[in-house]
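Dear colleague,

My notes on its aromatic residues and its core follow.

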Amino acid sequence: VLLPSLQSALPFLDLHGTPRLEFHQSVFDELREKLLERVSAIALEGKVEERYKKLEDLLEKSFSLVKMPSIQPVVMCVMKHLPKVPEKKLKLVMADKDLYKACAVEVKRQIWQDNQALFGDEVSPLLKQYILEKENILFSNDISVLHNFFSPSPKTRRQGEVVQKLTQMIGKNVKLYDMVLQFLRTLFLRTRNVHYCTLRAELLMSLHDLEISEICTVDPCHKFTWCLDACIREKFVDNKRARELQGFLDGVKKGQEQVLGDLSMILCDPFAINTLALSTIRHLQDLVGQDTLPRESPDLLLLLRMLSLGQGAWDMIDSQVFKEPKMEAELITKFLPMLMSFVVDDHTFNVDQKLPLEEKGPIPYPSTIPEAFTKFLQENRIACEIGLYYILHITKQRNKNAFLRLLPALVETFSDLAFSDIFLHLLTGNLTLLGDEFALEEFCTSLFDGFFLTACSRKENVHRHVLRLLLHLHHKVAPAKLESLQKALEPTKQSGEAVKELYNQLTEKLELRKPSPAEATETPSMELPLPTVPTPASR
């Protein structure tokens, strides 16, 4: 460092035993920091053309040193601030693994937008992680009616690691956003996994939170998703928002029908389906109180229209025929009135129970279900979804009679919806409210033998959910029943690791509850007959 004033000061370093290398290194680091600050400042000052010209000149001069670790951060910083890095430089970075890894996400975006395969390799592990996280929540050992899959608010969910990483990777780049949507559509088609639909909505709303108008204004689903997001937050579709949502659906113009494919994917998100189904059940109860038929309620018909669009998402994207699915008239004229009649049965029974004894009629709780109800659950997807949510509703109300009455209808449902993870996750949570009923033989036989065990052998996910439930409620089940369930649920050679792990946990818990052999042998000795001592009176 050729500064005249420095020469006389250098002996001080020798006195302190500081090597020249260390001194030069610290000066170098300081200069590099100043240079990085200057580069960042150039990127913000003066006219746009001038500032980028300066940066391009700087990149040209420094790029040859990009592989030198001490200079590399400066070169990377220059590239980061250039909105368009020369193609030649991008290719050199892409060809070198270490350089590619070291460059900023702003530079990677420029590489990705012309290399879909490379972008796909970056996104793929994140999508796998996302699906795994969702499944872990559904199979979580913590069973609770208060904290379930649908408890976190939309805003909380969007703070998740995967959504945040994808948002950062996309930035303001519309091309990358379109690529991610294309990946999600392809994976949804390939796997039918509805969690990809959730990610589609979460990603758009995450960009909305950051006010990235470059993307939000070009996504035709933005305002619809924003409105639906507010409904999901409230877990209810109110009249005002219902009219807004209807406006978006009615506003799809001729020639723009393709947007229905995206809207259906947004509505296929389980969080949207959950909100629409809960709102439908609430509307049906209100209609019972108002003596009104389902066909006379425009709000209810809109909910069904959106449910139908959401449930038809896979077929629409697969067939590329973009038109709203036709609603079956019988769903509105027969199935929903039938559900309302179940609500009336409950009201009638409850009122009858409260009457004084002399006024009580000998009315047992209706135990049969109309054959048409079972048929609807087997053949109509929307009817099945609403029927399942009605069963969740009565379970949450601790209505054991209604639950046992409708349970047999769940053994065969439309594409086995009653054995889907989301429904079983919610059902096991709600069943904790009926914990005391598990001591009754009749209840356990109906629930386990009549429902769960019919599918355990062919569906591993059902096996897992039953074991989750028993891990939580085993202390409530009658010992004899528990023993037979333990035998019935024993894993086979084909069972996965998750089932074996849960079964082992259950076995351990049951072992802990058994009295130890030492106690068992000591107990009888306490009960030995005492020698009879003659009492004074008998002498």
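Phe403, Phe419, Phe438, Phe443, Phe448, Phe451 and Phe452 together make up one aromatic cluster. Please note that the model is predicted.

Beyond its neighbours within four places in sequence, Leu431 is in contact with Thr395, Phe403, Phe438, Phe443, Leu447, Phe452, Leu469 and Leu473.

Across the whole structure, the search finds 17 aromatic pairs. In one of them, the ring centres of Phe224 and Phe248 are 6.1 Å apart with the planes at 75 degrees, so this pair is edge-to-face. The pair links distant parts of the chain, with Phe224 in helix 15 (residues 222-234) and Phe248 in helix 16 (residues 239-250), 24 residues apart. Phe224 counts as buried at 1% relative accessibility, whereas Phe248, at 27%, is partly exposed.

Phe335 and Phe373 form a stacked pair, at 5.8 Å centre to centre and 10 degrees between the planes. Phe335 belongs to helix 21 (residues 329-354) and Phe373 to helix 22 (residues 371-379), so the pair ties together parts 38 residues apart in sequence. Phe335 is buried at 0% relative accessibility, and Phe373 is likewise buried at 0%.

Finally, there are charges placed over rings. The charged end of Arg192 sits over the ring of Trp314, 3.5 Å from its centre, and that of Arg282 sits over the ring of Phe236, 3.8 Å from its centre.

With kind regards

Technical notes: Residues numbered from 1 in each chain as written. Predicted model: local features only at pLDDT ≥ 70, side-chain atom pairs only at ≥ 80, totals over all residues. Heavy atoms only, no water. Contact = heavy atoms within 4.5 Å. Phe/Tyr/Trp six-rings, centres within 6.5 Å; stacked < 30°, edge-to-face > 60°. Helix = DSSP H or I, 4+ residues; strand = E, 2+ residues; numbered from the N terminus. Buried < 20%, exposed > 50% of the residue type's maximum accessible area, 1.4 Å probe, protein only. Lys NZ or Arg CZ within 6 Å of the ring centre and 35° of its normal.
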